[in-house]
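This report concerns one protein structure and a selection of its side-chain interactions. Please consult the sequence and the coordinates alongside the text.

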Amino acid sequence: MSFPVTRMRRLRRTEPLRRMVREHRLAREDLILPLFVVEGRGVREPVASMPGVHRFSVDQVVLEAKRVADLGVPGVILFGIPSSKDARGSGADAEDGIVQRASRAIADAVPALCVITDVCLCEYTDHGHCGLLHGEEVENDASLERLARTAVSHARAGASIVAPSDMMDGRVAAIRAALDAEGFEQVAILSYAAKYASAFYGPFREAAESTPAFGDRRGYQMDPPNRREALREMRLDLEEGADMLMVKPALSYLDILADARRSFDVPLAAYHVSGEYAMIKAAGERGWIDADRAMEEALVSIKRAGADLILTYAAADLAEKL
Ligand code: PBG
């Protein structure tokens, strides 16, 4: 039966009606807030390219973690900016490294929060690549041990989920084996399985000081035009023992997210990355768009495409409104 019997507008007339037939909604439980941790005390420095985002010292990050837990956000993901870097990324798995200290402090002070840690070497290497170098080549197999040790040190510091974002082949299996061998069989792996070599990471690299000193990450992160390949990546990570999968970035990759939703039953996360956040904020500051509405629209589209969890810099702001 079509028009005039069928009238799609009947169910759009009022907000109560729209609420009744709404297919997807954002909940505080869906959100994970990324947090940047730096050395020092009392530090709360704004990140210029990400309005509303700060780099916190350990004492301050605990306060921020408390605040977001009180808002009902269930998890945070930690990124560390160490004071010194070297070729091996020694800071990544240091017992008293920046993420390890932050993780311990948050796990102790805010038990209501799930601490997730980003496992990668790029914030800790002086060359800024995600693995160990041989000449100008990022060596896959040699990097696995460093990544596995990093994950174990995060688990030891109280992380309940580790999230490898390096895109080395075999890292999930290496991390799972290392965690199990050290008695951390209950620590989960959220794998950045379909992570693309994206221009949208720009502001993050400024915040995390992790821009590669030479070259780029296209030799290990995925090529943006590829879709089928993402399913292979995700399947492999599941076979290696990933508990949850992530697609990153989010908005330009909603097709990948929808594919993943159809193909896998595990919890799916999407990372609404720094550039995606910055674009909305920047246009909002210029008065070109309504940034709050645009942010909600962007985030709900990520849910609609199939994500269970969204990593977003807007998590706290949004949780306040929900
Ligand atoms: C580390 C890592 C990156 C992001 C998350 N983990 C940067 C990169 O791969 O260059 C990006 C997050 C964002 O842009 O918000 N490898």
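The sections below treat the basis of the values, then one serine, then salt bridges.

## Basis of the values

The model is predicted: local features need pLDDT of at least 70, side-chain atom pairs count only at pLDDT 80 or more, and totals for chains, interfaces and linings use all residues. Residues are numbered from 1 along each chain as its sequence is written, and side-chain values use heavy atoms, with hydrogens and water left out.

Ser57 belongs to strand β3 (residues 54–57); helices (H or I, at least four residues) and strands (E, at least two) are DSSP runs, numbered from the N terminus. The residue is buried, its relative accessible area being 0%. Here buried means under 20% relative accessible area, exposed over 50%, and partly exposed in between (1.4 Å probe, protein chains only).

The side chain of Ser57 reaches the backbone nitrogen of Gly42 at 3.1 Å. Contacts of Ser57, leaving aside neighbours within four places in sequence, are with Val37, Val38, Glu39, Gly40, Arg41, Gly42 and Val43, where contact means heavy atoms within 4.5 Å.

## The Arg67–Glu320 salt bridge

A salt bridge is a side-chain nitrogen of Lys or Arg within 4 Å of a carboxyl oxygen of Asp or Glu. By this rule the count comes to 24 salt bridges. One of them pairs Arg67 with Glu320, with 3.6 Å between the closest N and O atoms. Because Arg67 lies in helix α2 (residues 58–70) and Glu320 in helix α11 (residues 315–321), the pair ties together parts that are 253 residues apart in sequence.

Arg67 is partly exposed, at a relative accessible area of 35%, whereas Glu320 counts as exposed at 52% relative accessibility.

## Salt bridges of Glu95

Glu95 meets Arg104 in a salt bridge (4.0 Å, N to O). Glu95 counts as partly exposed at 41% relative accessibility, and Arg104 is partly exposed with a relative accessible area of 30%.

The side chain of Glu95 also forms a salt bridge with that of Arg156 (3.8 Å, N to O). This pair links distant parts of the chain, 61 residues apart: Arg156 is in helix α4 (residues 140–156), and Glu95 is in the loop between β4 (75–81) and α3 (98–109). Arg156 is partly exposed, with a relative accessible area of 40%.

Through salt bridges that share partners, Arg44, Glu64, Arg67 and Glu320 are joined into one network.

Terms used. Polar contact = N/O pair within 3.5 Å; in protein donor to acceptor, adjacent residues only side chain to side chain.
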